Amino acid sequence: MIAKPAPSSIAIPTTMKAWVLGDPDELTLVDKPVPRPGPAEVLIRIDAVAICATDLEIISGGTPALIEGELPFNKNFTPGHEFMGTVIELGPSVDEFAVGERVAVEIHAGCGRCERCREGMYTSCLNYGQNYGQHDKGHRANGYTTDGAFTQYAVNHVNTLVRVPEGMSDETATLIVTAGTAMYGLDVLGGLIAGQSIVITGAGPIGLLAVGVAKALGASPVILTDLVDERLQIGLKLGADHVINAGKESVHEAVARLSGGRGVNYVFECSGAPNAVDDAVKLVNRGGRVCLGAFAHEPALVDVRHIVSNNIYLYGIRGEGQSAVKRAAALMAQDKLDAALIHTHTFPLSELPTGLRYAREKLDGAIKIVIKNQEI
Ligand SMILES: [Zn+2]
Ligand SMILES: [Zn+2]
C-alpha cells in the first residue's frame with residue numbers, strides 16, 4: 001500500500017458531528033464546535049476509532065469514565081478512545097509533528113507533575129480526572145475523563161502521539177493502542193521474556209495481541225486459553241504455540257503437561273472471569289509472575305496461602321504506560337505483530353450504534369470493530 005501524501009494544509013471546519021452520551025445507553029449524534037489546540041497540543045482529524053469493551057461499559061454504566069468528578073451521563077460527553085488520525089493543526093510551540101502526519105493516539109496524558117507521571121506511569125496519574133476548573137492539573141484520558149473519539153476531530157498532547165508506520169491502514173492503526181496495552185503487561189512481568197513460558201488467559205483483543213507481542217519478544221512456549229475455538233484459531237495465527245479450550249479440557253492439566261509439571265513463568269490474565277485470578281496463580285511456577293489486565297466485574301476469591309507460600313508476584317496494569325504504544329507500533333512496523341488479524345468489521349460514524357451492537361452481542365464473530373469517522 002502507498003502512504004497518502006502529506007498535504008501542507010488541511011481545511012478545518014468550525015463544527016463537527018459528535019456522538020454524545022445522554023442517559024445510560026442513549027447516544028445522540030449532534031454538532032459540536034471543533035476544538036482548537038493549546039500549547040503542546042495538536043488538532044487531529046480522527047480517521048478511525050476501534051470499539052473497546054470498556055466503551056460498552058461506559059455507555060451503559062458510566063464507570064470507569066469520570067467527567068468533572070461525576071458519572072458521564074448528560075454531560076455532553078463523547079466516548080471512544082482507541083483512535084488514529086491525521087494531524088491538521090499545530091498548537092503554539094509544537095514542532096514534534098507536522099501537519100499531514102498520521103498518528104495513533106495513546107489514551108492517557110498524565111498531569112506530568114505527579115510522582116507517577118514522573119516515573120513514566122502516566123496511566124496511574126495521581127491527579128487522574130483532575131482536568132476542570134480549579135482542579136485542572138492537566139490530566140487527560142480520551143473517552144474517560146475528557147471527550148473521546150466517536151466524533152471527527154480531537155485535540156491531544158504531543159506526548160500521546162505515535163507515528164503510524166508507513167503503509168499501515170487506518171483500521172490496523174487503531175489497534176496500535178491495544179497492542180500497547182499488551183506490551184505494557186509484558187513489561188511489568190519483566191520485559192525480557194525470551195525463552196520464558198507464558199499462559200495468556202482470554203482471547204479478547206488484548207489477550208490475542210498479547211500472544212503476538214509475547215511471541216515477537218521470544219517467549220516460549222506461548223499458550224492461549226479461551227472458550228471459543230474461532231478465537232483460539234486467531235491466536236494460533238498470531239503465534240500461539242499451544243491453545244487450550246477451557247470448556248473442553250482442564251487448563252491446569254494441559255499447562256502441567258506442556259510445562260513438564262512445573263507450571264509456567266508468567267500468566268497474563270485477560271479474561272476477567274471470576275475464577276481467573278485463582279486459576280492464574282496456580283498456573284505459574286514457584287516465584288512466577290501474574291499480570292492482571294482485564295477489568296473484572298466481581299471481587300475474586302483467591303488462595304492467598306498459595307500465593308505467599310510459593311512467592312508469587314501479582315501485578316495490575318492500567319492501559320498503556322511507559323511508552324509501550326510506541327514499542328508496539330515498532331513491532332507492527334517490522335511485521336512482527338499482525339494486529340490486523342483481530343479486526344473483523346468496519347462501520348461509518350453514522351452507524352456507531354450498529355457497531356456497538358455488533359461488539360456487545362459479538363455478532364458475526366466480531367472481535368474488533370472499527371468506525372471510520374470521516375464517513376458520515
Ligand atoms: Zn480500550
Ligand atoms: Zn500525574
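Me: Which residues in α4 meet which residues in α5?
Reply: Thr178, Ala179, Thr181, Ala182, Met183, Gly185 and Leu186 in α4 meet Pro205, Ile206, Leu209, Ala210, Val213 and Ala214 in α5. Two residues are in contact here if their C-beta atoms, placed from the backbone, lie within 7 Å. Helices (H or I, at least four residues) and strands (E, at least two) are DSSP runs, numbered from the N terminus.

Me: What classes of residue are in the contact of α4 with α5?
Reply: The contact of α4 with α5 has 10 nonpolar, 3 polar and no charged residues. Ala, Val, Leu, Ile, Met, Phe, Trp, Tyr, Cys and Pro count as nonpolar, Asp, Glu, Lys and Arg as charged, and the others, Gly among them, as polar.

Me: Before we go on, what should I know about the model and its numbering?
Reply: This is a predicted model, where local features need pLDDT of at least 70 and side-chain atom pairs count only at pLDDT 80 or more, while totals for chains, interfaces and linings use all residues. Residues are numbered from 1 along each chain as its sequence is written, and chains are lettered from A and ligands numbered from 1 in the order in which they are written.

Me: Thanks. At what angle do the axes of α4 and α5 cross?
Reply: Roughly 65°, and the axes of α4 (residues 176-189) and α5 come within 8 Å. Axes are lines fitted to C-alpha atoms, for helices over the stretch in contact, and angles run from 0 to 180 degrees between N-to-C directions.

Me: Is the crossing of α4 and α5 right-handed or left-handed?
Reply: Right-handed. The convention is left-handed if the near helix is turned anticlockwise from the far one by less than a right angle, and right-handed if clockwise.

Me: And α5 itself, buried or exposed?
Reply: Mostly covered, as 12 of its 12 residues are buried. Lys215 is among the buried residues of α5, as are Gly207 and Leu208. Buried means 20 or more other C-beta atoms within 10 Å of a residue's own, exposed means 12 or fewer, and partly exposed is in between, with C-beta atoms placed from the backbone.

Me: How far does α5 reach from its first C-alpha to its last?
Reply: It covers residues 205-216 and reaches 17 Å, close to the 16 Å expected at 1.5 Å a residue. The expected span is 1.5 Å times one less than the number of residues.

Me: What follows α5?
Reply: Gly218 does, with a positive phi near 95°. The loop between α5 and β11 (222-226) also holds Pro221, and the peptide bond joining Ser220 to Pro221 is cis, with omega about -5°.

Me: Where does the cis peptide bond with omega near 5° sit?
Reply: From Thr63 to Pro64. Pro64 is in the loop between α1 (53-61) and β4 (82-90).

Me: Switching to sheets, what is the order of the open sheet of 6 strands?
Reply: β12-β11-β10-β13-β14-β15, with parallel pairing. Two strands pair if DSSP finds at least two bridges between them. β12 (242-245) and β15 (313-316) each have a single partner strand, so one side of each is left without a neighbour in the sheet. On average, neighbouring strands of this sheet are turned by 15° against each other, direction ignored.

Me: Which helix packs on the sheet, touching β11 and β12?
Reply: That's α6 (residues 229-237), and its direction makes about 170° with that of β12.

Me: How about β17, what pairs with it?
Reply: β3 (residues 41-50) pairs with β17 in the antiparallel sense over 3 bridges, and Ala48 stands opposite Lys372. β16 runs parallel to β17, joined by 5 bridges, with Thr346 partnered by Val370.

Me: Last one, why does Thr151 count as buried?
Reply: Because Thr151 has 26 C-beta neighbours inside 10 Å. Thr151 lies in the loop between β7 (140-141) and β8 (153-157). Leaving out residues up to four places away in sequence, Thr151 touches Met16, Trp19 and Asn373, among others. Thr151 and Ala18 are 133 residues apart in sequence, yet 4.1 Å apart in space, C-alpha to C-alpha.
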